[in-house]
Amino acid sequence: MPDDVQGWLTPRAVAAEAGVSQEFDLSQCVREPIHLLGGVQSYGALIAARWDDAVVDTVSRNAAEVLGRAAGELLGRPVTELIGDEQWALARESAEAVTDSGAAAPQEGPASSGVLPLTLDGEDDEGQGGSRLFDVTVHRNGDLLVLEFEPRSEGGPFVFQNFYPRVRRALQKLQGATDVTECCAAAVREIRTLTGYDRVVAYRFDGRDGPGQVIAEDRSEGREPWLDLWFPASDIPPQARRLYARNWIRVIGDVDDRTAGLVPELRADTGEPLDLSASVLRTVSGYHLEYLRNIGVASSMSVSLLHEGELWGLIACHGDEPRRLSPEVRAACEFFGIALSLQLAAVAGREEADELARNRRALATLLARLTTWAPDALMRPGSGLAELLDADGAVLLRGTETLTAGAPLPDALSGLLARLAQDGSVGEVRSSDRLPEVLGLEPEEAEAEGIPAGLLLLPFNRDGDLLAWWRREQPAPREWAADPSRPVRTGPGGERLTPRGSAAVYRATVRGRSAPWSPAQRVVAGELWREVSGLLTRQVVALEARNTELARTNEDLDSFAHAAAHDLKEPLRGISNAAAFIVEDAGTVLDATSLRRLTTVRRLAERMDGLLDSLLHFSRLGQVGLEREALSVDEVLDDALVVAGGRLAEQGVTLVRPAALPRLRADRERLREVLENLLVNAAKYAADEGAGERRVWVEAVRSAVPGQAREEGGGAGADGGTVTALVVRDNGIGIPAGQQADVLQLFRRLHRRDERGGGSGVGLAVVKRIVERHGGRLWLESPAAAPDADCGGGPGTAVWFTLEEPPEARP
């Protein structure tokens with residue numbers, strides 16, 4: 001069946017694709033209870049008797065004409081007085097044979113009925129004694145057994161051997177068909193041969209509530225062609241479709257038949273007429289009879305075509321004259337409808353299997369590139385992801401990352417996907433080929449907003465991660481047998497549903513649709529989800545194991561660095577002391593070169609001792625716990641200036657504090673160390689003499705953070721606190737962008753040791769580690785313009801880092 005909305009939102013009912021005439025209330029037709037019309041076609045008679053005691057509960061008013069006994073004589077009396085005990089037992093046995101376990105309630109799905117010949121004693125039309133033969137259709141309706149009597153048609157008894165060869169030939173032709181259109185073309189030819197109707201068409205519905213199209217036709221000479229014409233959905237309202245799904249066949253012998261009403265009109269237990277959903281003689285809605293008269297039809301038959309329990313279409317037969325079909329011919333047509341439904345399912349299954357095999361081969365090629373979860377591999381050009389489902393484009397949403405394949409993602413769709421992903425279960429394939437309709441938009445509105453017509457999506461989780469494919473609108477031109485905006489026209493009985501056929505073709509274009517998503521495509525999309533989900537699960541497990549190993553390795557490295565640095569200091573002190581003693585004791589004996597070398601040994605030992613002190617300090621940062629507290633950054637900055645202030649003064653650097661700094665939650669000593677290192681670093685790399693006034697700014701930014709701070713500094717902290725970015729900015733010599741990552745590494749310097757005030761190259765590495773221990777981020781920006789446009793200097797460097805505000809400090 002066409003892809004309507006799979007596992008998603010229920011679409012609006014399609015009522016003839018558009019509005020209808022104001023003078024005629026089409027909703028009356030839609031609401032009409034056609035299974036409770038309280039009458040039967042008058043060529044036959046109906047009796048409903050209680051299952052347990054055979055007492056007649058309901059009878060048609062024409063019983064005297066058809067059965068020779070007046071309705072009043074039968075009502076409340078045992079039906080065995082009419083048909084005898086033996087034939088009553090046969091009727092019960094026939095009903096039990098076609099119902100599930102003899103259930104007392106009407107069954108869902110196709111109704112079950114049986115046919116048997118019954119003989120009634122009485123007088124013939126000339127008043128002579130004798131017996132009359134009837135074909136009686138029986139079915140169970142709750143606590144009633146319903147018997148529908150049709151006088152045996154002339155022409156002698158039914159001979160199966162004479163009838164079966166025609167049915168067998170028809171079925172053989174049907175089995176030779178290779179696609180849906182060919183199947184239906186064979187079916188309409190054979191059914192017309194079996195029944196003698198003047199026109200037989202195969203009619204396929206566009207979705208459960210949609211209009212229908214004639215896809216095959218066989219007609220007598222002189223009748224106008226209907227092939228390929230569309231008919232409004234209102235021609236077959238929902239309640240009629242439900243009954244077609246319950247009854248394989250529906251015959252109307254004469255559109256001008258006078259209905260035989262039922263006695264009583266309303267049942268005492270329900271207050272409604274007898275439910276005739278499974279009746280073969282059920283009378284016909286006046287709306288439908290008028291419809292048939294207006295298109296020149298005197299008799300009709302409809303054979304239901306079902307697919308997976310849903311009404312797929314109809315074989316519709318029209319006669320120019322009244323026509324009664326014997327139960328045997330009806331049974332053959334019903335059997336043919338069942339066989340055609342099975343053949344259509346087999347053809348569809350074969351086509352789906354072929355498509356699924358092709359798609360799985362494409363999927364295998366795609367998955368071969370995904371040995372690990374790599375979104376760039378899945379979404380890169382040429383990966384085949386969009387082409388896998390014949391889509392215009394595909395999109396992967398994972399966290400804050402949006403990756404696309406195929407055509408660019410429409411702007412309106414990116415904001416819609418996360419909302420739609422919340423409407424179903426994780427891993428559930430949801431699709432629609434009419435997304436504007438699902439969203440309640442007209443096609444023109446959807447086009448203006450950039451919303452595609454088709455969408456298939458797969459949520460990975462409840463966090464909004466998903467994989468989706470989308471398709472553009474494909475306007476479909478259609479030729480209608482009636483103006484779909486005015487399915488109601490004036491007929492002999494007033495305004496009625498009146499298609500005119502090909503003599504008045506109305507051409508219109510259906511918008512807001514994409515090509516439908518096939519069952520095979522939905523299956524392959526689900527398989528891709530399972531594969532990707534498996535990769536994600538394995539990656540999570542691998543990452544957890546790697547993180548555990550890295551944590552253990554880092555702990556071992558910290559312990560090793562601490563132990564190595566501590567243990568190496570003792571021999572270094574021995575080397576330095578020994579060199580000093582040699583110089584002191586033998587200074588007058590040694591030559592100048594030896595003394596210079598011993599002095600170098602002492603200097604290198606002292607430098608090594610300083611590096612080991614730095615390494616010890618760095619390793620302790622990974623082991624010592626943080627004592628977090630709410631504190632004033634201004635107070636901590638004052639403490640840092642006790643050490644760093646002298647260096648700033650030596651270099652002639654002015655500290656600028658544009659505004660009061662906030663209160664933050666941090667370890668006081670570690671934050672002081674961060675500020676000391678950054679201030680000393682700024683003093684070291686101040687602008688050269690004559691370049692202008694040297695300055696260092698310290699400030700905080702809580703919103704509209706420039707550069708990376710917009711990404712790194714925004715949002716909430718671990719306990720819901722606001723993340724604040726602090727910046728220490730100078731107008732010094734700056735750091736080239738290609739070297740900014742290097743200066744954050746341990747023992748890395750951009751200048752020689754004896755330049756720019758010396759140092760071990762540990763300061764920024766220590767700052768980065770302290771900030772990360774607090775759960776923050778650190779990054780550099782250079783060049784950065786100084787806030788004061790009047791001061792000179794170089795391009796400058798801004799060191800940003802984030803810390804968390806305590807709840808009591810928030811505005």
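Begin by selecting Asp390, which is found in the loop between helix 11 (385-388) and strand 15 (393-398). In this predicted model, Asp390 has a positive phi of about 50° although it is not a glycine. Asp390 is exposed, with a relative accessible area of 58%. As background, most residues other than glycine have a negative phi, and most peptide bonds are trans.

Next, select Ala54, in the loop that runs between strand 3 (45-50) and strand 4 (56-60). Ala54 is likewise not a glycine, yet has a positive phi, of about 70°. With a relative accessibility of 4%, Ala54 counts as buried.

For a backbone feature of another kind, go to Val263 and Pro264, which are joined by a cis peptide bond with omega of about -5°. Pro264 belongs to the loop between strand 12 (259-263) and helix 8 (286-294).

Now turn to the aromatic rings, where the count comes to five pairs. Display Phe134 and Phe149: the ring centres are 5.9 Å apart and the planes stand at 85°, so this pair is edge-to-face, the class for angles over 60 degrees. Phe134 lies in strand 6 (residues 129-141) and Phe149 in strand 7 (residues 144-151), so the pair ties together parts that are 15 residues apart in sequence. Phe134 is buried, with a relative accessible area of 2%, and Phe149 is buried at 0%. Then select Tyr203, Phe205, Trp226 and Phe231, which ring pairs link into a cluster.

Two arginines come next. The charged end of Arg323 sits over the ring of Tyr197, 5.5 Å from its centre. At Trp517, the ring has the charged end of Arg471 over it, 3.6 Å from the ring centre.

Which residues does Phe801 touch, not counting residues up to four places away in sequence? They are Leu671, Val674, Leu675, Leu678, Thr724, Ala725, Leu726, Val771, Arg777 and Leu778.

Methods. Residues are numbered from 1 along each chain as its sequence is written. This is a predicted model: local features need pLDDT of at least 70, side-chain atom pairs count only at pLDDT 80 or more; totals for chains, interfaces and linings use all residues. Side-chain values use heavy atoms; hydrogens and water are left out. Rings of Phe, Tyr and Trp (its six-membered ring) pair if their centres lie within 6.5 Å; planes under 30 degrees apart count as stacked, over 60 as edge-to-face and the rest as tilted. Helices (H or I, at least four residues) and strands (E, at least two) are DSSP runs, numbered from the N terminus. Buried means under 20% relative accessible area, exposed over 50%, partly exposed in between (1.4 Å probe, protein chains only). A charge sits over a ring if NZ of Lys or CZ of Arg is within 6 Å of the ring centre and within 35 degrees of the ring normal. Contact means heavy atoms within 4.5 Å.
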